[in-house]
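Trainee: I would like to learn how to read a model like this one. Please give the general idea each time, then the case at hand.

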Amino acid sequence: MKLRILAGGLIGMAILGGVLFAADHIDAPAVTGAGSTSPGNDITDIYAFQSPADNSRMVLVINTQGLLSPAATATASFPSNVMYEFNIDNSGDNVEDLVIQCLVQNGKMRVYGPVAPGTPGTNSTVRTNGPVTEVNVTGYGATSPATASNGNGIKIFAGPRDDPFFFDLARFKDILAGTQSAFRSPGVDAFAGTNVMSIVVELPKTLLGNAASINVWGETKSK
Amino acid sequence: MLRINKHYLLALFAIVSLGATSCDKDDVDDNFDTSGTYIQNDQMARPAINTVFVGSARKNEFNTTAPSAMSAAFTAQFLSVLTGFGYSSNALGMDKATFAGALVTDVLNVKMNGPTTFFDGTNVLTGRALADDVIDTELLLIFGGASGGSNPGLTRDNVNANDKSFLSVFPYLAAPF
């Protein structure tokens, strides 16, 4: 109950334009979860890390719809008009050379790519000319996550997960407001007990080009 | 119910009409709508960049700006926020202009060989792993000064780990509450 009140309070503050500081949770009015013009678009965090199980593979994560209480998670879904897109620049110019596009329809997620974008930038069309991977969206309360792989070694997941982000958000807001001058010890994780709607893609590094380092970012786009 | 029946019929139709020769790419269904143009709503790479450095009036604009265009559009804004924080330098030796320039293009640098972490005590900005204490790293770089020792009450939030353990196997993130 306490958690639900916390989440509701944060969303309320976002709507009122309050000062917020989280990873990217409810960062902008247009993508704030409930009541926004584009629910489901709010990215909370992006992760990119070498697979703990296999050094030759990279894991990409895009988390959305932050601060979901367990009750809210049970009814949360990925909107069918939203594209969740990983962008990969492997030439050092901060323009995407490859995209991985994730669509969810009728309880399934389909992942297109990695593949060259049609036109780089803020508008995207689905690129169907690269690898395609499909998985059932894992439901809330499922005993184990549904995962799927394709012949290119791409492995995918979509569904609710615990929010991996942690931060004493409340204390930081007090500091910004001038009512506190330092963090407390121990701090209090404002994201404890809350969930996100998560998409995870693991793939061979070779599918991301042969650069020594890449730049990665996540986008949500809708139609 | 109607929807399930429709898909069942579509599936039957596909099987009957295309038969075993229809092995397309990865044996995926053919009833996905891939039409239309998708227009950007949110963008993110490094944690907390938009939330901290962009004023509420321009947050939507930041989210719909391509990373390659962020520097031209937002550097002045980032400089002004750093000035407000009393920033002069950090443990990476970045003066205000250098730090603003590094932050304003919101992409996550990811190394293709070796450890991938926001900061693990040795490696800096080579990716972002689930357990990384990214907030402490950013607080240290913003408030810690050149030595990392300035403003000790502001350079760590004392929440050092997630409230659930991560999985050792795919999909790595913990099950929901």
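Trainee: In which sense do strand S9 (residues 155–162) of chain A and strand S10 (residues 195–204) of chain A pair, and over how many bridges?

Mentor: Some conventions come before that: residues are numbered from 1 along each chain as its sequence is written, and chains are lettered from A and ligands numbered from 1 in the order in which they are written. This is a predicted model, in which local features need pLDDT of at least 70 and side-chain atom pairs count only at pLDDT 80 or more, while totals for chains, interfaces and linings use all residues. Strands (E, at least two residues) and helices (H or I, at least four) are DSSP runs, numbered from the N terminus. Two strands pair if DSSP finds at least two bridges between them. Here S9(A) and S10(A) pair in the antiparallel sense, over eight bridges. As one example, Arg161(A) has Val196(A) in S10(A) as its bridge partner.

Trainee: What is the strand order of the open sheet of five strands?

Mentor: The order is S1-S2-S10-S9-S8 in chain A, and the pairing is antiparallel. Strand S1 (43–50) and strand S8 (148–149) of chain A each have a single partner strand, so they form the edges and one side of each lacks a neighbour in the sheet.

Trainee: How many helices and strands does chain A have?

Mentor: Chain A has three helices and 11 strands. Read from the N terminus, its elements follow the pattern α-β-β-α-β-β-β-β-β-β-β-α-β-β.

Trainee: What percentage of the residues in chain A is buried?

Mentor: A residue is buried if 20 or more other C-beta atoms lie within 10 Å of its own, exposed if 12 or fewer, and partly exposed in between, with C-beta atoms placed from the backbone. Of the 223 residues in chain A, 53% are buried. Phe86(A), in strand S3 (residues 82–89) of chain A, counts as buried because it has 25 C-beta neighbours inside 10 Å.

Trainee: Which residues is Phe86(A) in contact with, leaving aside its neighbours within four places in sequence?

Mentor: Two residues are in contact if their C-beta atoms, placed from the backbone, lie within 7 Å. With those neighbours left aside, the contacts of Phe86(A) are Leu60(A), Ile62(A), Val99(A), Ile100(A), Val201(A), Val216(A) and Gly218(A).

Trainee: Which residues have the most contacts inside the largest nonpolar core?

Mentor: A nonpolar core is a set of buried Ala, Val, Leu, Ile, Met, Phe, Trp, Tyr and Cys residues joined through C-beta atoms within 7 Å. The largest has 58 residues, and Ile46(A), Met109(A), Val201(A) and Val216(A) have the most contacts inside it. Strand S2 (residues 57–68) of chain A supplies the largest share, seven residues. A second, separate core has 30 residues, including Val54(B) and Phe99(B). Beyond four places in sequence, Val216(A) has contacts in both chains, among them Ile46(A), Phe86(A), Val107(B) and Val110(B).

Trainee: How many residues of chain A are in contact with chain B?

Mentor: On the chain A side there are 91 residues, in contact with 65 residues of chain B. Strand S11 (residues 213–222) of chain A gives the most to that side, with 10 residues. S11(A) is joined by four bridges to strand S2 (residues 108–111) of chain B, and the two run antiparallel. Within this pairing, Ile214(A) has Val110(B) as its bridge partner.

Trainee: Why is helix H6 (residues 134–143) of chain B described as largely enclosed?

Mentor: Nine of its 10 residues are buried, so H6(B) is largely enclosed by the rest of the structure. The buried residues include Asp136(B) and Glu138(B). Gly145(B) follows the helix and has a positive phi, near 70 degrees.

Trainee: What is phi at Gln65(A)?

Mentor: Phi of Gln65(A) is positive, about 55 degrees, although the residue is not a glycine. Gln65(A) belongs to strand S2 of chain A and counts as buried, with 28 C-beta neighbours inside 10 Å.
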